[in-house]
Amino acid sequence: MPGLSAAELSFLEGGIAQDLRNDGRGREDFRSFSIQLDVISQASGSARVRLGATDILASIKAELGSPPAEFPHLGRLELAVEISPTAGPEFEGRGGEELSAELGKALERSFAGGANGTGAAVDLAALSVVEGKTCWVLYADVLVLNADGNILDASAIGIKAALSNTRIPKVEVLAGEGDEEGELELNDDPDECARVSTAAVPLIVTLTKVGRHYIADATGDEEAQMSSALSVAVNEKGQLCGVTKRGSAGIDPSVISDMLSVARRIGKRLLAKVDAEISLAESRLESET
Amino acid sequence: MEYVSPEGLRLDGRRPKEVRQLKCELAVLHRADGSAYLEMGNTKVLATVYGPHEVSQRSQSLHDRALVHCEYSMATFSTGERRRRPKGDRRSVELSLVIRQSMEAAILTHLLPRTQIDIYVQVLQADGGTRAACINAATLALADAGVPMRDLVASCAAGYLNGTPLLDLNYVEDSAGGPDLTVALLPKAEKVTLLQMDSKLPLDTFEAVLGLAMDGCKAIAAHMRQALLEHTRKQAVVRGPVRL
Amino acid sequence: MYQQKQFFKKTRGGKILKVHREHYLRDDIVCGSLACTTCAHGDSTVLSSEAAQYLLIDTNVALHQMDLLENAAIADVIVPEVVLSEVQARNKAIHGRLRLLVADKSRRFFVFSNEHHKDTFVKTEKGEIVNDRNDRAIRRATTWYQSHLAGKTPDVLLLTNDADNARRARDEGAAAQTVYAYVQSRTDKPELLDFVARTGDTGGEAAGPSAEGDAGPQAKRRMLYAEHKGMAELTAGLQKGLFHQGKLRVNRFNCFEAYVGSQSVGKEILIQGREDLNRAVDGDVVAVELLPPEQWKGPEGGIFREHDEEEEGVAENAEEGAGLAPEIAEDAPGAALENLDIGKEGGRVPTGRVVGIIKRNWRNYAGSLEPMKGPGGSGAMAHPLFVSVDRRVPKIRIQTRQLANLADKRIIVAIDKWDRTSRYPEGHYIKTLGDIGDRATESELLLMENDINTRPFSQAVLNCLPPLPWSVSDADVAKPWRADLRNLRVCSVDPIGCRDIDDALHCTALPNGNFEIGVHIADVTNFVHPETPLDLEAADRGTSVYLVERRIDMLPKPLTEDICSLRADVDRLAFSVIWEMTPSADIVKSHYTKSIIRSSAALSYPEAQARMDDPHMSDPLTEDLRNLNRLAKIMRQRRTERGALTLASPEVKFEIDTETHNPLDVGMYQIREANQMIEEYMLLANVSVAEKILKHFPSCSLLRRHPVPTPQMFEPLLRTAAAVGIELDVGSSKALADSLDRAQGSDPYFNKLIRILATRCMTQAVYFCSGELSPPEYHHYGLASPLYTHFTSPIRRYADVVVHRLLAAALNLTPLPERTRDKKSMHDLSDGLNYRHRNAQMAGRASVELHTLIFFKDRAVDAEARIVKVRSNGFIVFVPKYGIEGPVYLTKKPDKGAGPDPNDDFVVDEEHQTITSKDKRQTYKVLDTVTVHIEVQEPQPHRPKLILTLASDSKEQDGFA
């Protein structure tokens, strides 16, 4: 990908300073996005999010596993990001590893919640099947098909949408005797499934500092010019669930609190929009089957 | 296990010589020079082409033809059980090589010396016949990118179960342990660019199965050609001058 | 046209997968009716246009009413695809039978692919369970057929025993009927009613005997048995070790005593009593719960006497009759199972009760009806009890309208169900074999019970034979690998009247003082090629079966008696093993080759023996025989020193009247020196070939082994021997052989008797594939040989055919067939051959038993007998002259309802194996000689039994039954 020339750079910065970005958006505007649900039928839940040209696939697979040793009454949520080489030759082979690791960590930070499960994106206690022995493990995988900036925010939207689409089969524990584990009986009716509540799932708003201003939802070009960025996870209640600073330049502390409140504001608007899009996608799905 | 019932129906209701439902979509990713999304039954594959562009590693540049580079990757959620696939594991490397060789036979590489064409194939969901789907998707993506080719490359898999040759096996039929033959064909020239088979097959049955696979390839090629024409027509209408 | 199916599946590893399958709907599925004008007609269009109606069956009808469906009166049946797949998932045997019905075009059964037809596909609604959805699919198919064939003659009738389903069908406009109602409406075939199976479904069937007359609710009837636990609970219990799984083996002499072999417990678990058996039938795989140790029992010591049944006044006064003496351990399972440590733990063994059935292994049973007073009127419904000839199977209650016709016949019956409320299982009649006691019927019965194929060879098999008349051709002679040995002086020695000669010998004195000895075996594999219909049929039959009056061949007669048979004075093809042997029977070299021979004489054993014994005969052939005999004796001695056992079996031979085929006389089979001589060379050939094929094919040779008997199995022998003061060392086969030699008693027969008892401790030798076991396990205990196989009788044993092929491959004459290379198919083959071998033996024994019964029918004889086992109410004797064994009761049979007579008591001394009368006047000890009176009695008409009584007392015992 060729870099931007000095003239283009100043054009970009100048526009941002005047609250007019290259594609006509204001500094706090998100690009329009579309959501498609249940794209991977083999997964427990899946979604495809197109945020501008950024295209990601999020899939949730629910499998039985063992609960974390320190918290036997909880389930697990594992997050991973992978960048497909279809996004560009620079991501082929091991090219995208660093970026995907960074993004994965950022997601984890925002979604996993505290050590004991409080504040996690999903109700981990509800995922427990047999305390101390078996629990549901939700593997959330994000596959980036096309990268045009703001992959993290798109991934969060994707995971939220995929979780809303997730169906976990009902498992019954048969009577065991004493402290012996009973057999697990699976209810194989696809209609008799538990759904995952996505009320607590946060969304991430990444504010990228270009020049002296910060913008939300940077495109690829804009992201290439960033000095630093702050990714803030905001949930329904307006609480902050995780904060990640990226980039090499430093940010003034006073600016940070300002950025946080802006992120909160944008986050709230975004949540409403995302919920609307998700229900739209769901109704489209219903009408198809 | 009965894979073909005495009534002549397979497990999913197809007859032995029928291919699964085929869906193609072109130009799905705009950043790439060419892209295609292909569904063969439940197998879903996305292919993108970047190029022709300057060779990234000067030392590898070929003076008389284009360098074709291919990478195959499988999403962790593509199989029934989630599997963390390390990049560069043997199967991916082998498949990347296989796809590259099949496409190289079709691309008019001598027209593009000192350039590089990157083909990336991403499997989103695997349900048997992955190899064939990848090659078909790659063909469409190359066509979408405008890379000159002497012919489309169509690929199809066939097998032999319960005494009957079967076309386009899905995952269940594939895991039955019978022979699995994948063929890639240049349909106009009727030249085979890829032939891979595992398990055992007596020679006369082999010819029957090969014939069936080639027929399958031709049918798929016709479908792909149709999809390409449709896409081109749509593009022409969108761009203005042609009114249909 | 495209649907997706989604469901969850739990894999064996405990993972849960979401499964996603495609489901295509088609528009090219035909309806299969000749009357239809819209669908294409083809091969599968079988439904006739003249039928009165088409029947459409639902799953339960297919599963339970198979015998009715197989009846020729039922035709033009539509089987929906959904029913076929459900049957396949639930019962493979029934599925196989249904598929056969479909394949038979004359029955006009059509499989309608409703699941893939775009008009009849039914999608599961929200909250609908699988069964309801399937029922809806079946109804949908019925209504579709009705509208599709509207106007054309045949109606479509849905056959279902589910009242709810029938009602809904009628609501939707389809015609539906229960099976019973339909069969009743078939006034053209009233006998169809007998075939209707009794299931628990509602449907207006006649109620069983206990509620006869009043169609009272089930709850009124008493629960006689405990409930069976569900599958999930059983699996959980098995994993935890609460329950134990195993196959139920019922004691042949006491059908309320059974054993379950359990690996988790280590020894066999005893199940005693009707309630504890809880409706399990011999052969079922059951789950057993152990009782607390205080409740553990010991096996009943007495000889079983059936107790009176409290049912409809049918009194059972049957006693156990005499039968053929057992030869090996498997022949007397009751005996073998009883030899548990009675001394330990006060005679108790792990005891348990059946809590659930894991797999039912019901089959068709042959036998006859228990006599009962018939109901008035010839066509009225009766509910007799069926008694199987297999004593391990419980009585089965059936319903029939033709009681008078079936009363004295041998019939075949199948079990349908066994509810908690009914004492006996319920079943239905399948077909009649013939009159009881009629030799032909009884022979057919015993062949059926032993799964022996008596059908004539099919045309496909006969087409594999070379054209007749056949003789050795020039092409055969010209083959370089076939040695021309026609110049050798070859002869064969076989039983009198033998026509299938598979072995011949020659013996030539060599100039260096050694002998060249050859064993020539019929070259059967030259005519039986792998994977041909002839080969497959022979592999399935496994062995020829020898009954008293006939032989059921493994190969067609032209092969067995002519083409392969090494008859005298004709050129024949053979497979030869040739040794060079020193005068002291040491083998210097050996080689194997295919050959052509010309036998000079086909002798019988008496003939050969006479020639050898006659000092006046000194022709070259007789000299050869004498040389062979001398060397054979040396080899035999050497084998004995190595530890080979000389066992004895009470083989009995019948002299059959050529016209009536009834037995004229019966006597013990005489073993002469000539027999032993031939045996010696056959053993040598078998061992040599075993070594050769194992060397070349260490992992896929077919060998024969004889497992070492466990110390437990020797228990009864040791106890008996100890009681008469003889010490037997069973540490090794050599030790046993030596102590058997030393065991001498009061009379000359004593030693033979001990040997017969020793033989009873042995297990059956079995075939196996060399790749499955380690070399030490190849050992043949009885022959004291490290390895052994069967090579010398390919005409009558399939194992020998396989070994011939292995040897030919070892000699690079022909490639080894694919099937022989595959370990799994070799394993299946040896299992199959062992099964067939065992069955052939049992059929042979049953045939001898049948003829013994016929022989004694009009004769009562007194004969000498030896006591072999002592029991609490009598003892078991063995009659050497006739080879029969049976119980002699000393106590009087208790009257109905009363207990045993205390004055009548006899006291048993287990350690000394004696039984003494209370007044100490009579004492009987094991191995004593007594005289018994043998006669056939018929306690019930047409139920003859061989009864043994003490001859000295027989005049006093009038009151005995």
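Which residue in the turn of the hairpin formed by S34(C) and S35(C) has a positive phi? That residue is Gln913(C), with a phi of about 55°. Please keep in mind that this is a predicted model, where local features need pLDDT of at least 70, side-chain atom pairs count only at pLDDT 80 or more, and totals for chains, interfaces and linings use all residues. Residues are numbered from 1 along each chain as its sequence is written, chains are lettered from A and ligands numbered from 1 in the order in which they are written, and side-chain values use heavy atoms, leaving out hydrogens and water.

- Strand S34 of chain C covers residues 906–909, and strand S35 of chain C covers residues 914–917; strands here are DSSP runs of E with at least two residues, helices are runs of H or I with at least four, and both are numbered from the N terminus.
- S34(C) and S35(C) run antiparallel and are joined by four bridges, where pairing requires that DSSP finds at least two bridges between two strands.
- Asp909(C) has Thr914(C) as its bridge partner in S35(C), and four residues lie between the two strands of this hairpin.
- S35(C) is also joined to strand S36 (residues 923–925) of chain C, by three bridges and again antiparallel.
- Thr916(C) has its bridge partner, Thr923(C), in S36(C).
- The hairpin of S35(C) and S36(C) has five residues between its strands, and Lys920(C) in that turn has a positive phi of about 60°.
- Along S35(C), Thr914(C) and Thr916(C) point one way while Ile915(C) and Ser917(C) point the other way, and all are buried; buried means under 20% relative accessible area, exposed over 50% and partly exposed in between, using a 1.4 Å probe and protein chains only.

**Two buried residues elsewhere in chain C**

- Pro154(C) sits in the loop between helix H5 (130–148) and strand S6 (155–159) of chain C.
- Pro154(C) counts as buried because its relative accessibility is 3%.
- Leaving out residues up to four places away in sequence, Pro154(C) touches several residues, including Ala35(C), Ser48(C) and Tyr54(C); contact means heavy atoms within 4.5 Å.
- From C-alpha to C-alpha, Pro154(C) and Leu55(C) are 9.9 Å apart in space, although 99 residues separate them in sequence.
- Asp276(C) belongs to helix H9 (residues 274–277) of chain C, and its relative accessible area of 14% is why Asp276(C) is buried.
- Among the residues that Asp276(C) touches, not counting those up to four places away in sequence, are Ile271(C), Lys297(C) and Arg353(C).

**Where chain B meets chain A**

- In this interface, 28 residues of chain B are in contact with 30 residues of chain A.
- The area buried between the two chains is about 2,600 Å², and carbon and sulfur atoms give 48% of that; buried area is the accessible area (1.4 Å probe) that two parts lose on being put together, summed over both.
- One salt bridge is found across the interface of chain B and chain A, the rule being a side-chain nitrogen of Lys or Arg within 4 Å of a carboxyl oxygen of Asp or Glu.
- Arg31(B) forms a salt bridge with Glu90(A), with the closest N and O atoms 3.1 Å apart.

**Chain A as a whole**

- Chain A contains five helices and 14 strands.
- Of the 289 residues in chain A, 51% are buried.
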